[in-house]
Amino acid sequence: MDYHNIKFGSRFIFSLVVFLIFSDNSSWNVFGVENEQFESMVKGAENDLSCGSTSSRIYGLQVKDDDDWPMVEKKGNQFVVNGQPFYVNGFNTYWLMVFAADQSTRGKVSEVFQQASSVGLTVCRTWAFNDGQWRALQKSPSVYDEEVFQALDFVVSEAKKYKIRLILTLTNNWEAYGGKSQYVKWGKAAGLNLTSDDEFFSHPTLRSYYKAHVKAVLNRVNTFTNITYKNDPTIFAWELMNEPRCTSDASGNTLQSWIQEMAVYVKSLDAKHLVEIGLEGFYGPSTPDRAQFNPNSYATQVGTDFIRNHQVLGVDFASVHIYADSWISPTISDAHIQFTKSWMEAHIEDAEKYLGMPVVFAEFGVSTKDPGYNSSYRDTLITTVYKTLLNSTKNGGSGAGSLLWQLFPDGTDYMDDGYAIVLSKSPSTSNIISLHSTRVAIFNHLCSWKCRWGCKKRNSLEAFLYHDDL
């Protein structure tokens, strides 16, 4: 068995973490565990810790053998693995494939996975596209660079090694790494009369180009693991596009049609994996009463429609991004924290009330380049996101997790867009992430705790905390 863990110094840390999670005065009922039951469970945990020899350990985030590495599924408004809840604490590192394509930088892929694993992060969102650019995966429609595809294979296999699941994004709304503008360029080169990048969403030829790319990725056989992508449980979900917008049609009909076709198409190729859109979460014309939660008036005019878009057949969970510094003002203020909280709560409520699905806050962060930035503010923002999610989690709500934008290993500062978090340089942030990972692990294992107290060689605590007696 492989074990990747978060290490804490003593039983006191474990007790403290449990106390912190359940310390407010509200009544708790998580997966049917009432207050009295939980108190009994904590006592049982402490007894387990004292069982056996002095070398006994608490294992955090126990990882199953490769043969028991099941797919993530959706059950109602929660993710599940083997029937148990799977709440997400994760991160973004978009450039993994490009770094893996160069032997001189491939080691950074392993580094970021190792560092993420060390603080308990379990899901990574990264690009499974690079369209017509430097080190392109897709050099032209359906023409691939095999070396770059093998680099993506490496990313997937390395993620599996560290037991980190991947959300793979299939193209971009923006010009970086090609995206929809590159598809339009290819269409023009083929003689199509195209006048807008938004025709990516409507022109049948460009739709066919995109679908061919989806098919190529999903049917790819990994050269490191010999597992077809569409059968690989390392992949958490497919994301149709990073931050799709169609500003040429504010009604949202054009983008809605594209989502309907592509979600069903992905599912026709791969019914096993989850699918999400990649939206930022802006409310549109179908829900004018929710527009009050948008960060600005422009957000209603970009052709997206959070609730309507996520009601499409084939879409399994909702995605939302959080960028108060981009959407409201670049200058840091308390208003950004207030917006973050209300933005999240609105989408969690909608996911529960109208969608009946989990919602993942798939990008959030703050730029060090913002006027007034300091690391204390970043820690406050991250804590706000985590606390809002926990408030949902404790009630069995739709707040299913979040992904930091973005995690970088040492020596990659030249790639930093201002949002990079380097754990070795950010001890306070690293501690916040670790603590939240532990809280998430506790929630994910409450069901097994309830049934498996006792002084056993593999007691229930070994399912989520790793501890060396010092």
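Predicted model: local features only at pLDDT ≥ 70, side-chain atom pairs only at ≥ 80, totals over all residues.
Colleague: How many cavities of 30 Å³ or more does the count give, and what volume does the largest cavity have?

Modeller: The count comes to 4 cavities of 30 Å³ or more, and the largest cavity has a volume of about 70 Å³.

Colleague: Which helices supply at least two residues each to the lining of the largest cavity, and how does that lining divide by class?

Modeller: Helix H10 (324-327), helix H11 (334-355) and helix H12 (375-393) each contribute at least two residues. The lining includes Ala324, Asp325, His336, Thr340, Tyr377 and Leu381, and among its other members are Phe364, Gly365 and Val366. By class, the lining of the largest cavity divides into 8 nonpolar, 3 polar and 1 charged.

Colleague: How should I read a pocket, and what does the second largest pocket look like here in volume and lining?

Modeller: A pocket, unlike a cavity, is an open set of points. In this model the second largest pocket holds about 400 Å³ of space, and of the 17 residues that line it, Trp174, Asn242, Glu243, Glu363 and Trp405 are the closest to its centre. The lining of this pocket has 9 nonpolar, 3 polar and 5 charged residues.

Colleague: Turning to the sheets, how do strands pair in general, and in what order do the strands of the open sheet with E3 run?

Modeller: Strands of a sheet pair through backbone hydrogen bonds, either parallel or antiparallel. Here 3 strands form an open sheet in the order E2-E3-E4, with antiparallel pairing. Strand E2 (73-75) and strand E4 (84-85) stand at the edges and have a single partner strand each, so one side of each is left without a neighbour in the sheet.

Colleague: Over how many bridges do E3 and E4 pair, and which residue in E4 is the bridge partner of Val80?

Modeller: Strand E3 (residues 78-81) pairs with E4 over 2 bridges in the antiparallel sense, and the partner of Val80 in E4 is Pro85.

Terms used
Residues numbered from 1 in each chain as written. Heavy atoms only, no water. 1 Å grid on protein atoms, 1.4 Å probe; cavity = no way out; pocket = protein on both sides within 12 Å on 5 of 7 lines; lining within 4 Å. Points joined across faces, edges and corners; volume = space filled by probe spheres on them. Nonpolar A, V, L, I, M, F, W, Y, C, P; charged D, E, K, R; others polar. Pairing = 2+ DSSP bridges. Helix = DSSP H or I, 4+ residues; strand = E, 2+ residues; numbered from the N terminus.
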